[in-house]
Amino acid sequence: MTRRQTDGHRDEPRVRARQQEALADLGQRALAGMKLDHLLYEAAATAARELETEYAAVLELTRDRRGLLVRAGCGLPDGVLGAVVPAGPHEMPGYALQSDGPVVVENFDGESRFEPTTLQRTFEVVSAMVAPIGVRGRHFGVIGVHSPAPRHFTNDDAHFLQALANVLGAATERALHDERVRDSEARFRELADTTPALMWMTDAEGHVAFVNQGWLRFTGHSLAQELGHGFDLTAHPDDRDELVAHWRKTILRREEFRFEYRLARHDGTYRWVLAVGTPRLVEGEFVGYVGTATDIHERRTMEEALRESEAGFRDLADTAPAMIWTTDENGLVTFVNEGWLRFTGTTLEEELGATWTLGVHPDDAEELQASWDEAVAQRRRWEREYRLRGQDQRYRWIADRGVPNYAGGRFVGYVGTAIDIHERKTMEGRLLEVYQQEHRIAETLQRSLLPERLPKVEGLELAARYLPAGQETAIGGDWYDVLERADGRVALVVGDVVGHGLRAAATMGQLRNACRAYGLVEASPAEVVARLNRLVTSGVEEAMATVLYLVLDRETGEVVFTSAGHPPPLLVAPEGARYLEGGRSVPVGAADSAVFREGMAVLPPGSSLLLYTDGLVERRDVPLQRRLDELALAAGAPEDDLERLCDRILGGVLGDPSPIDDVALLAVRPEPVAADRFDLSLPAEPGSLVVLRRRLGRFLHAAGASQAEAYEVTLTVCEAAGNAIEHAYGPGDATFDVAAAFEDGELVATVRDNGSWRERRSQHRGRGLAIIKGLMDDVEVAAEDRGTVVRMRRRLAA
Amino acid sequence: MTTPTEIAVERRGGAIVAHLGGEVDMTNAGQVRDELLSSVPNDVLAVVIDLSGCRYLDSAGIEVVFDMARRLRRRRQELRLSLPPSSPLKRLLDLTEVASAAPVYETLDAALDE
């Protein structure tokens with residue numbers, strides 16, 4: 001091992017020039033897209049060479065950001081790679097990350113700030129310099145040079161190392177971005193393979209990056225056969241040119257893609273599909289398209305067939321009508337031809353006279369007679385489609401038309417023609433069915449973007465409904481969400497992205513995720529919504545959305561909410577329903593300097609809260625206020641079951657089973673709490689403490705305890721329960737019971753376990769009993785047959 | 001199931017302020033302690049734990065305070081607590097004589113002024 005003593009022998013200007021050259025070289029390699037691992041090695045080698053140290057290493061922060069992994073090195077034996085050192089602030093790497101700048105140790109001997117890392121110790125490092133890689137908050141790791149001989153590092157040396165680190169920072173950011181793209185694609189794949197639809201994804205150049213299982217089943221290809229190609233590979237030769245041209249145009253403009261073409265099926269036949277795609281953005285950068293293909297073959301072929309038979313119908317009517325009839329001026333049948341009789345299997349005698357409903361389907365007869373009577377009275381032209389019984393006793397659809405007949409200027413009756421339209425009619429019915437089927441696929445997609453089921457939230461009853469728009473096959477942008485915050489409060493969200501289609505759905509997905517992330521860290525609803533607004537107005541994607549974000553305190557029933565252009569939440573209290581006022585602002589995405597306000601309310605005991613999107617209350621031609629009044633009325637009647645309440649509201653307010661816009665409805669109700677008694681049995685495990693705290697907190701609040709009293713009582717009960725949990729041994733100790741009730745105005749709480757009371761060895765448990773005794777007026781610990789009972793008394797101020 | 005908590009650390013001059021939000025109990029006390037300790041750099045003189053956003057603290061949480069004070073004292077760093085007098089946690093802190101290990105201030109500014 002050579003130990004260079006270079007200090008003082010270096011020609012500084014020349015060293016600087018060389019360092020700059022080395023830096024430029026590495027920068028170029030990074031720009032040229034050198035693989036990250038190679039780049040890290042190059043950087044380590046460059047650092048060791050230019051700074052003339054024995055060792056250099058690049059360390060990467062571990063996922064939990066508590067450790068640093070040796071990712072690349074120079075001069076290090078192989079075994080060191082993959083080793084992990086702690087990222088604590090008392091060692092150089094951790095400190096460099098924390099201070100976000102280069103750190104130098106001239107000599108560990110006499111160094112008071114840092115301990116050498118285990119690796120530095122192994123290699124008997126005396127002098128070292130470490131610089132952080134990446135920007136604060138998104139650090140990748142550190143790069144360091146280490147010397148077993150004492151070294152002096154100049155300011156220029158420190159700048160050089162930091163500059164190297166910055167080159168790596170840029171390269172790792174890009175690698176990380178690629179990884180995020182891969183992550184989002186992996187999530188998409190997971191989702192895609194579970195939906196029945198055909199789904200696809202392309203890269204930014206328009207080549208197939210992924211197709212789902214549904215697609216592969218359809219085409220009979222393997223994934224490898226599809227990847228990297230364009231869609232022309234599987235398109236019908238006649239459709240190819242147009243498809244490719246349309247695709248090129250769309251991708252250049254990054255517009256929504258929409259195209260009907262014939263797709264090759266595994267059996268060699270071609271099926272008409274509708275391909276719809278939307279641009280994919282990861283952190284604002286266009287990375288390709290994601291889309292679906294829907295089998296519309298039946299619809300296409302049927303539309304074509306319909307066109308043909310309609311043409312046939314016109315021919316028929318113009319030339320030789322198959323069924324002909326005449327009436328007198330009173331509308332009584334005077335003649336039917338052979339064609340008619342052949343169809344019905346009746347005789348001429350049977351048909352003459354007032355026989356209009358003879359053989360007509362019962363469901364059509366009444367309307368037919370009425371329309372005929374009216375036409376005759378006014379001597380107007382008459383035309384109807386109805387079902388007529390044929391000679392085989394089966395009903396067939398016919399189109400019947402009667403024209404007033406005049407002889408010498410005098411009205412003498414009607415001449416009529418009828419044709420069999422049964423095939424066309426039944427095709428229409430099937431056509432409608434096919435449309436509905438397509439719609440169901442869109443709905444499946446929409447649902448897969450919504451939470452599959454609501455989370456279980458201790459102390460809350462939750463119910464949600466999502467109804468897709470009835471008429472369009474487009475996917476809407478409504479969403480709802482529920483999340484539990486660290487402070488014990490629960491956030492409820494309902495939002496509505498303006499627009500329809502995959503783009504709205506994609507924006508919805510983005511906003512929903514962003515809302516979840518912000519909701520976890522931000523306590524204030526106005527701030528969560530303001531952040532959403534900043535996200536949208538920062539130009540990632542042009543979008544506008546209305547959002548209602550509400551935070552509920554389960555103990556006190558207090559709600560704080562912000563409504564960004566969204567209809568107000570409806571409070572359904574036992575004495576009636578009313579809308580919560582306040583907290584109203586403009587929609588998210590409407591203005592980048594928007595100010596968001598907060599409204600507050602307290603839910604009375606036994607009440608529920610409804611959050612919904614405007615599809616529930618908006619109707620053309622009906623003033624919004626009237627719709628809101630109707631909703632309040634429909635929700636107002638008492639209802640124990642939240643699910644039934646949702647059903648009743650949807651039934652009562654919408655009426656029509658297929659709404660014109662998407663409808664999302666989220667209902668929440670704090671579980672009723674008895675204020676006189678509390679009884680709970682829980683498994684003897686630490687996780688039970690949270691449940692106990694939440695429930696006891698609600699009981700104490702309902703019983704009128706102040707916030708401080710509620711906390712102190714909860715704390716003491718939990719300390720006693722904690723003891724029971726720590727002492728739980730075998731299956732006999734599996735549960736503990738907590739009871740609380742009032743005796744002569746005094747709160748009496750008991751915690752009963754199935755073991756014997758032992759003071760725990762650890763010190764904080766010693767504090768536990770002191771806390772119980774200090775905060776309660778009276779405490780008894782008694783050994784009973786089954787276990788230990790701690791009985792505590794406390795007089796509440798209220 | 002462990003109790004949810006949030007720790008946000010900021011540097012204020014020669015001190016570190018750790019805002020302890022959410023709840024601390026026996027299920028997460030160890031984790032809270034490790035996280036707090038690892039966020040203390042060598043060059044600060046004082047660490048202030050801001051308890052104004054803390055909704056629940058039990059004996060395990062109190063033990064974290066005593067333990068941290070002891071460890072920091074060895075590094076010649078001082079632990080201080082900031083707790084508004086209206087906090088429900090007030091009586092618990094009095095009762096356990098936490099102030100003997102870490103002085104308690106009514107405001108964050110007062111804790112930083114020392």
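Helices (H or I, at least four residues) and strands (E, at least two) are DSSP runs, numbered from the N terminus. On this basis chain B of the predicted model contains 4 helices and 6 strands, and from the N terminus on its elements follow the order β-β-α-β-β-α-β-α-β-α. Residues are numbered from 1 along each chain as its sequence is written, while chains are lettered from A and ligands numbered from 1 in the order in which they are written. Because this is a predicted model, local features need pLDDT of at least 70 and side-chain atom pairs count only at pLDDT 80 or more, whereas totals for chains, interfaces and linings use all residues.

The pLDDT is the predictor's confidence in each residue, from 0 to 100; chain B averages 90, and 96% of its residues score at least 70. The model as a whole scores ipTM 0.93 and pTM 0.47. A residue is called buried if 20 or more other C-beta atoms, placed from the backbone, lie within 10 Å of its own, exposed if 12 or fewer do, and partly exposed in between; of the 114 residues of chain B, 46% count as buried. Two residues are in contact if their C-beta atoms, placed from the backbone, lie within 7 Å, and among the contacts in chain B with a separation of 6 or more, 72% join residues 24 or more positions apart.

Two packed helices are described by the angle between their axes and the distance between the axes. Axes are lines fitted to C-alpha atoms, for helices over the stretch in contact, and angles run from 0 to 180 degrees between N-to-C directions. Angles under 35 degrees count as roughly parallel, over 145 as roughly antiparallel, 65 to 115 as roughly perpendicular and the rest as oblique. In chain B, helix α1 (residues 29–38) and helix α2 (residues 59–74) pack at an angle of about 30 degrees with their axes 9 Å apart, and α1(B) and α2(B) are therefore roughly parallel to each other. The residues that make this contact include B:Val32 and B:Leu36 of α1(B), together with B:Val64 and B:Met68 of α2(B). With Ala, Val, Leu, Ile, Met, Phe, Trp, Tyr, Cys and Pro counted as nonpolar, Asp, Glu, Lys and Arg as charged, and the others, Gly among them, as polar, the residues of the contact of α1(B) with α2(B) divide into 7 nonpolar, 1 polar and 4 charged.

The contact between the two chains takes 30 residues from chain A and 27 residues from chain B. On the side of chain A that touches chain B, the elements giving two or more residues are α3 (92–99), α18 (688–702), α19 (707–726) and α20 (763–775), and the residues of this side divide into 12 nonpolar, 11 polar and 7 charged. The axes of α18(A) and α19(A) come within 10 Å and cross at roughly 150 degrees, so these two helices are roughly antiparallel to each other. Their contact involves, among others, A:Leu692 and A:Leu696 of α18(A) and A:Val713 and A:Val717 of α19(A), and its residues divide into 10 nonpolar, 5 polar and 1 charged.

Elsewhere in chain A, A:Arg752 lies in strand β30 (residues 746–753) and is buried, with 21 other C-beta atoms within 10 Å. The C-alpha atoms of A:Arg752 and A:Phe736, 16 residues apart along the chain, are separated by 5.7 Å. Not counting residues up to four places away in sequence, A:Arg752 touches A:Phe736, A:Asp737, A:Gly787 and A:Val789.
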